[in-house]
Amino acid sequence: MASITLTNVSKTYSGAAAPSVAEIDLTVADGEFIVLVGPSGCGKSTLLRMVAGLEEITGGEVRIADRLVNRVDPADRDIAMVFQNYALYPHMTVRENMAYGLKNRKTPKAEIAARVAEAARMLELSPYLDRKPRALSGGQRQRVAMGRAVVRQPAAFLFDEPLSNLDAKLRVSMRGEIRRLQRRLGTTSLYVTHDQLEAMTLADRLVVLNAGRIEQVGAPLEIYHHPASTFVASFIGAPAMNLLDGQSDAAGLYIGGHRVAHPERPLSGPVTIGLRAEDLVPAAEGLPFRTDFVEELGAQRLVHGHVDGQPLVVAMDPAASLAAELRLAIAPDRVHVFRTDTGRRIETAPASARTALVPA
Amino acid sequence: MTRIRPLDHLILILGCLFMLAPVAVAIMTSTHTAADIHVNGLSLAPGGHGIETYQTVLTKRGGFTGQVTGATMAMNSLILGLGFAIGKIVLSMLAAYALVYFRFRFATAMFWVIFTTLLLPLEVRIMPSYQVMSELHLLNTYTGLILPLLASATGTFYFRQFFKAVPDELLEAARIDGAGPVKFFIDILLPLSKTMMAAIFIIMFVYGWNQYLWPMLMTTEERFFTLMRGIKQILQVWVGSQIPDYNQAFALAVLALLPPVLVVVVFQRWFIKGLTESDK
């Protein structure tokens, strides 16, 4: 059990002009499950591999359990990693795969056997201990990779997109298993994924990365309800938040001449207005919405259309009636405002109102 | 595709006959007496002197010193073949390991230097190699026979390609599991390379077994004679009215054929098994 502290960590590959990862400050508390999420190429895997010691740290400090590990060998960092392609040793049985790390650390034989048996029981791998990885299914291989991490009883687990090679159904059940396992063991975990749904469901706290920098850190719902930038707003949540060009003046916020809110703090000039699909409701008065097509999801339906010539998605009750022309309303406190030039969030409500909005 | 096609089989059968006929002729002819062969030429029917010919070949002390038997020569060939194959595998695996897994200056350049030596056959460097061995006083030793030919561009190349295909995550997982460079090589890479080792072993054993020119240069003492030289020796007796021992030459050739065949048969099974089962 341990905390992980990153201080101003950066990584510049030799020959590259710009750093791949820059100015990362992050403290992972003991037992916390942190998910690093971002589009491919945002540096999330690089960051994880720097914590693991597989990638050289070119700037800043990484501390695991308050010990500076910048120059410490991966084996001596007291971490265990689960890889995307499992990286099981193909010539070893499941038992040997799990025991290999312990054997190299000169753990007594009896203890190795006990730990492997315990992990196998926990992961329901006991019947497969003498099989080779090739005789296992994808989900079972994934569990072996996790078992290999678990038997080590490390200070921290590092997961590098562990579920992306599994089919959709298995991914959901493995996701639950990983969460349950982490809760039970209480081991500090860093988890990398590009799947925002996976990130939302697993994380105690999310770290949204973009172009090598931290865009926002926070609890999943906090990020969902209060995205710090248009990037986070469009990345977290499905369907993505609608981002529309709007205008603002002392009297309020406008989309195509229609006022959607009147913020307590007056603004002026062009802004980007963010509206979540599920916050928009049909009403007698409001934004004129022209329907284009409908995606049926069963529990809800996504209606695609246009407002003021800008595309917009609305989530509706499948029972509600549809028309070619609709009027949409939104609660003013659900309107997100971003600067058009930088994409950063503009706080429109006082801090007190904001905390009330986030269910803790 | 279970339908049997007669034409395919015909071609296969013809191919087999084409390959096997000379071997069959050699075996059959070796069972006749030398005089018989001299009069009637090659034959496809078995003669009555098979056992005694092979006995003579294996045990008769011949040669200039009267010390060499077929068994000694077979032993020498075996030492050469095994030394070659094992030495080359060890050396080229280590070289490839260094080239693939260690970052050092000019690694790529060095690889290409090694690779270009593929183009140079042994015969090109045979004089300097001989001189080096001579100055090291390694003429007429097994070391001198085997050592200079161990560096193998082919082997290094194959192992390099093989190691490059091993996923990086395996190395990373091993590093996190606390395996250093030596442990990773022995525990992970070596077992994974079994199939590759089998393949290289087949090629190199046969190559070493069939060496003719190099042993002839390196060794002058008859106790180092290999089977290849023995065959030649038997036919070199055109003195007076003596008929060369054709039958013995054939018998020796047949004996020389057996170990490579055995190696191929044994290792091919591993090789194919490995190819079909392995997933990295």
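This is a predicted model: local features need pLDDT of at least 70, side-chain atom pairs count only at pLDDT 80 or more; totals for chains, interfaces and linings use all residues.
Trainee: How many bridges join strand β7 to β8(A)?

Mentor: Strand β7 (residues 156-160) of chain A and β8(A) are joined by five bridges, and the two run parallel. Between β7(A) and β8(A) the chain passes through helix α5 (residues 168-185) of chain A, a right-handed β-α-β crossover.

Trainee: And which residue is the bridge partner of L36(A) in β8(A)?

Mentor: That partner is V192(A). Strand β3 (residues 33-37) of chain A pairs with β8(A) over five bridges, in the parallel sense.

Trainee: Why is β8 of chain A described as largely enclosed?

Mentor: Strand β8 spans residues 188-193 of chain A, and six of its six residues are buried, so the rest of the structure largely encloses it. T188(A), L190(A) and V192(A) point one way, S189(A), Y191(A) and T193(A) point the other way, and all are buried.

Trainee: Changing topic, how many residues of chain A are in contact with chain B?

Mentor: The contact involves 18 residues of chain A and 17 residues of chain B. On the chain A side, β6 (79-82) and α2 (94-104) are the elements giving two or more residues. By class, that side has 12 nonpolar, four polar and two charged residues.

Trainee: How many helices and strands are in chain B?

Mentor: Chain B has 14 helices and zero strands. Of its 280 residues, 33% count as buried. The C-alpha atoms of chain B fill a box of roughly 75 × 65 × 30 Å along the principal axes.

Definitions and conventions. Residues are numbered from 1 along each chain as its sequence is written. Chains are lettered from A and ligands numbered from 1 in the order in which they are written. Helices (H or I, at least four residues) and strands (E, at least two) are DSSP runs, numbered from the N terminus. A residue is buried if 20 or more other C-beta atoms lie within 10 Å of its own, exposed if 12 or fewer, and partly exposed in between; C-beta atoms are placed from the backbone. Two residues are in contact if their C-beta atoms, placed from the backbone, lie within 7 Å. Ala, Val, Leu, Ile, Met, Phe, Trp, Tyr, Cys and Pro count as nonpolar, Asp, Glu, Lys and Arg as charged, and the others, Gly among them, as polar. Two strands pair if DSSP finds at least two bridges between them. A crossover is right-handed if, with the strands pointing away from the viewer, the path from the first strand over the helix to the second runs clockwise.
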